[in-house]
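Good morning, and thank you for making time for this item. Please have the sequence and the model in view as I go through a few local features.

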Amino acid sequence: MKVAMELMLLGEVIDAQRAYDVGMVNRVVPKGQHIEEAMKMARRLAANAPVVLSMLKRFAAATVPQSPVEIAGHAWRETERVFSSEDFQEGLNSFAEKRSPIFSGR
């Protein structure tokens, strides 16, 4: 959490090794080998049972605490979803036109 706060508050860039050391990335590979390594991992994942992988992902998401960076990312996505909605535009329009909004849920 302390490193995530440092990154969020200071906006500094860290290198791959530091990101690995603090648990932000799973692996560090030699330059230019990231695609090959990612594909190896993808093939291993694809060989597993999809139902089990889905269950494990849901279980982890429900039980493992999120870092401040993950929570901020989730909040950003949700906020963007609201700002790009028809209802958000309707709220702005109705305010400007001094009328009650008619929300559609979209």
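I begin with helix 4, which is hardly covered: among its 14 residues, the count of buried ones is zero. Buried here means under 20% relative accessible area, exposed means over 50%, and partly exposed lies in between, with a 1.4 Å probe and protein chains only. Helices are DSSP runs of H or I with at least four residues, numbered from the N terminus. Helix 4 spans residues 50-63 and reaches 20 Å from its first C-alpha to its last, close to the 20 Å expected at 1.5 Å a residue. That expected span is 1.5 Å times one less than the number of residues.

Two remarks on conventions. This is a predicted model, in which local features need pLDDT of at least 70 and side-chain atom pairs count only at pLDDT 80 or more, while totals for chains, interfaces and linings use all residues. Residues are numbered from 1 along each chain as its sequence is written, and side-chain values use heavy atoms, with hydrogens and water left out.

Let me turn to helix 6. Asp87, Glu90 and Ser94 are buried in this helix. They lie on the same side of helix 6, because they cover an arc of only 55° around the axis, the arc being that of the directions from the helix axis to the C-beta atoms. The face turned away from that buried side carries Phe95 and Ala96, both exposed.

What follows helix 6? Lys98 does, with a positive phi near 55°. Most residues other than glycine have a negative phi. Lys98 is also exposed, at a relative accessible area of 76%.

Next, the aromatic rings. The structure holds one aromatic pair. The ring centres of Phe83 and Phe88 are 4.9 Å apart and the planes stand at 50°, so the pair is tilted. Rings of Phe, Tyr and Trp (its six-membered ring) pair if their centres lie within 6.5 Å; planes under 30 degrees apart count as stacked, over 60 as edge-to-face and the rest as tilted. Phe83 is partly exposed at 47% relative accessible area, and Phe88 is partly exposed at 30%.

Finally, the surface. Met8, Leu9, Leu10 and Val69 form a nonpolar patch with about 390 Å² of accessible area together. Its largest share, three residues, comes from helix 1, residues 2-10. Leu10, located in helix 1, counts as exposed at 56% relative accessibility. Such patches consist of residues with over 30% relative accessible area and no salt bridge, nonpolar side chains being joined within 5 Å and like charges within 9 Å.

Terms used: Accessible areas come from the Shrake-Rupley method with a 1.4 Å probe; for residues, only the protein chains shown count as cover. A salt bridge is a side-chain nitrogen of Lys or Arg within 4 Å of a carboxyl oxygen of Asp or Glu. Helices (H or I, at least four residues) and strands (E, at least two) are DSSP runs, numbered from the N terminus.
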